[in-house]
Amino acid sequence: MIQIYKSSTENDGKLMSIQNIEPGCWINLIAPSKEELIIISKKTNVPLTLLQAALDSEETSRIDIEDDNLLILVDIPFTEVEENSLTYDTYPLGIIHTKNEIITICSKNSKLISDFTQNKIKSFYSFKRSRFILQVLNRVSTYYLLYLRQIDKKSVMLEKRLHKSMKNRELIHLHSLQKSLVYFSTSLKANEATLEKMLKLDIIQKYEQDKDILEDVIIENKQAIEMTHIYSNILNNTMSFFSSVISNNFNSVAKILTSVTVILSLFTIVSGIYGMNVPLPMSSDPRTFYFLMGGTIFLSIILAYYLYKKDMFL
């Protein structure tokens, strides 16, 4: 899908949707087809390889310059719903700075980009291309921090549920959050290297204010990396703790079942012996059954008391 926007010279620079590519416009590509990429490539003189880079989910964050076109590839966070549960992942976002336009490409529709298209970002103008790049990067860091806080709240909520009932569903959700933090950590570290390289770019060095904004973005990215590391350690410890609890609960149940089996085995032994088809002491006495049952119950009580003292019922 191709979306073209341009900040209006009137109406306080409000972003307006336009039909044709004009100088100072913003071209937003969402999961574009090959035909759409070819059209944009011909109209903007941007190499097709740069446009296709962000559509490869395996691409890592990097900077690429070809002719007069600057590609900045960063990993941005996404939320998805799987089995009635919110999961988190990252996907590449490509930002291409050309002579006349700014181009963004992503394989999925992102809330981050929607904030710009819906005029939620203050002081945003499509013709200020270098500032636009920094505003997108700042928004990327903001969403990472937002989703990290959500992950922390969800992990606390799942931990409370696990205290009440040990169910596989909660453990699976915790594992899913753990995977999300791994994705975030990898992407944030790759973004950090890209942001550091951007400090050396001419478009950033040109304006001192832009350089200050980029430094703020780098600080927020480092904060997100630190938060990811902390939450990942907490989740690892939580998973280890509940694994130990589940193992301990299983051992307790096994101890109880073993104790009950040992006690009941007395009745099995006695009934097995007197069930043999051979002459046995007192086998002709009608009171033998009561003597045997009474004696077995007495021994069972003594054995149960002994096992209780050994904490075999806890």
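# Questions on a predicted model

User: Is C25 buried or exposed?
Analyst: C25 has 0% relative accessibility. Buried means under 20% relative accessible area, exposed over 50%, and partly exposed in between (1.4 Å probe, protein chains only). At 0%, C25 therefore counts as buried.

User: What kind of model is this?
Analyst: Residues are numbered from 1 along each chain as its sequence is written, and side-chain values use heavy atoms, with hydrogens and water left out. Local features need pLDDT of at least 70, side-chain atom pairs count only at pLDDT 80 or more, and totals for chains, interfaces and linings use all residues, as the model is predicted.

User: Why is the sulfur of C106 too far from the closest cysteine sulfur for a bond?
Analyst: A disulfide is a pair of cysteine sulfur atoms within 2.5 Å. By this rule the count is zero. C106 is buried, at 3% relative accessible area. Its closest cysteine sulfur is in C25, too far for a bond because the distance is 19 Å.

User: Which element gives the most residues to the lining of the largest pocket?
Analyst: A pocket is an open set of points on a 1 Å grid over the protein atoms alone, where a 1.4 Å probe fits, with protein on both sides within 12 Å along at least five of seven lines; lining residues have an atom within 4 Å of a point. Helices (H or I, at least four residues) and strands (E, at least two) are DSSP runs, numbered from the N terminus. β5 (69-82), α4 (129-164) and α6 (202-205) each supply at least two lining residues. With three residues, the top contributor is α4.

User: Which residues touch the most other members of the largest nonpolar core?
Analyst: A nonpolar core is a set of buried Ala, Val, Leu, Ile, Met, Phe, Trp, Tyr and Cys residues joined through side-chain atoms within 4.5 Å. The largest core has 55 residues. Its largest share, 14 residues, comes from α4. The members that touch the most others are W26 and M198.

User: Where does D67, with its positive phi, lie?
Analyst: Most residues other than glycine have a negative phi. D67 has a phi near 60 degrees. At 63% relative accessibility, D67 counts as exposed. Its place is the loop between β4 (62-66) and β5.

User: Which loop holds N119?
Analyst: N119 is not a glycine, yet its phi is positive, about 60 degrees. At 34% relative accessibility, N119 counts as partly exposed. N119 lies in the loop between α3 and α4.
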